[in-house]
Amino acid sequence: MLNKQLEFLVVLQDLDIMIQDIEDVKQIGFAVAGKEKLEEARRELTEKLGKPVLFNYENLRKRYKRAIVPVKDETCLGCFMRVPTVLITRGRSDQNVINCEGCGRILYWYE
Amino acid sequence: MQVVWANKNNNTHCPDKGEGMDNSELTQYFNPSLFNTKLKAKTKLDCLEELTTLFVENKDIRTGGIVLTMLRERELLGSTGIGKNVAIPHGRTTATMEVKIAFGRSETGIDFGSTDKKPVKLIFVVLAPPQDKDNKYLPILGKLVEVLSVLKNRNKLLKVEAFEEFIDVIEGK
């Protein structure tokens, strides 16, 4: 079971990407009329996040293009630094929001 | 409806996002495990859930919740039902590492809130990572719209049963 805060963070990042992609998707011909509904959904989502977690996410977003990055082969795909075993165990248990020790980005174990 | 469909000569007027990608390249994003010609869902949300489950079962994503939320939120922006019985729910998600497309067909049709009000029978769910290799996401969406804008292709897709037949249609054979 995925930690709720981590799940909300991933959903928040997906929502931020969707808001950024609006113009591109519109060019292909899809109807995009509800940007304000997405922004409302984003606001509601941020209310579910703890303040320190949200602050961490927003700071990382300012610094990097993506605040949350996947882990593949025990490596952070943001900075390509190997994730220490202790963090892998904690991360895989899905009980914590884990930041990469190299770049600080939030780690997501997609498999 | 903003998607412009093919005319009698099958010339489409879609924006050029699909250009530079040929039909056979598009086929590599499909998978027999992400192919269901007998969707049970009767509603849009159930349909999204049924197709999201295929990605989980195929181990493309860990859990369906995040992707399902993303797809529902995408529908808030505007229906992905593009008319002519077609819907292409899509989005980038942190939950996947590669671009993948699931295909589902509903015999009875599902109300997707398409602008032409027609029930949707052909559904393509396109998932892409936030930064996909070679940035293929938009060309894939564009190419898919282009293929589906051809009446002959839609008619064939309404009848295909085997995955190989389906791929032949996408390839334009």
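Helices (H or I, at least four residues) and strands (E, at least two) are DSSP runs, numbered from the N terminus. The views below come from a predicted model, in which local features need pLDDT of at least 70, side-chain atom pairs count only at pLDDT 80 or more, and totals for chains, interfaces and linings use all residues. Residues are numbered from 1 along each chain as its sequence is written, while chains are lettered from A and ligands numbered from 1 in the order in which they are written.

**View 1. Chain A and its order of elements.** Chain A holds four helices and three strands, and they run α-α-α-β-β-α-β along the sequence. Along the principal axes, its C-alpha atoms fill a box of roughly 45 × 30 × 25 Å. Of the 111 residues here, 33% are buried, that is, with 20 or more other C-beta atoms within 10 Å of their own, C-beta atoms being placed from the backbone.

**View 2. Where chain B meets chain A.** Two residues are in contact if their C-beta atoms, placed from the backbone, lie within 7 Å. By that rule, 33 residues of chain B are in contact with 29 residues of chain A. On the chain B side, α3 (64–77), β4 (90–92) and α4 (137–148) each supply at least two residues, and α3(B) gives the most, with eight. This side of chain B divides into 15 nonpolar, 13 polar and five charged residues; Ala, Val, Leu, Ile, Met, Phe, Trp, Tyr, Cys and Pro count as nonpolar, Asp, Glu, Lys and Arg as charged, and the others, Gly among them, as polar.

**View 3. The largest nonpolar core.** A nonpolar core is a set of buried Ala, Val, Leu, Ile, Met, Phe, Trp, Tyr and Cys residues joined through C-beta atoms within 7 Å. The largest one has 73 residues, and A:Leu9, A:Ile106, A:Leu107, B:Val67 and B:Leu144 have the most contacts inside it. Helix α1 (residues 4–28) of chain A brings the largest share, 11 residues. Leaving aside neighbours within four places in sequence, B:Leu144 is in contact with B:Leu26, B:Ile88 and B:Phe124.

**View 4. Two loop residues of chain B with positive phi.** B:Lys59, not a glycine, has a positive phi near 60° and lies in the loop between α2 (44–57) and α3 of chain B.

Definitions and conventions: A residue is buried if 20 or more other C-beta atoms lie within 10 Å of its own, exposed if 12 or fewer, and partly exposed in between; C-beta atoms are placed from the backbone.
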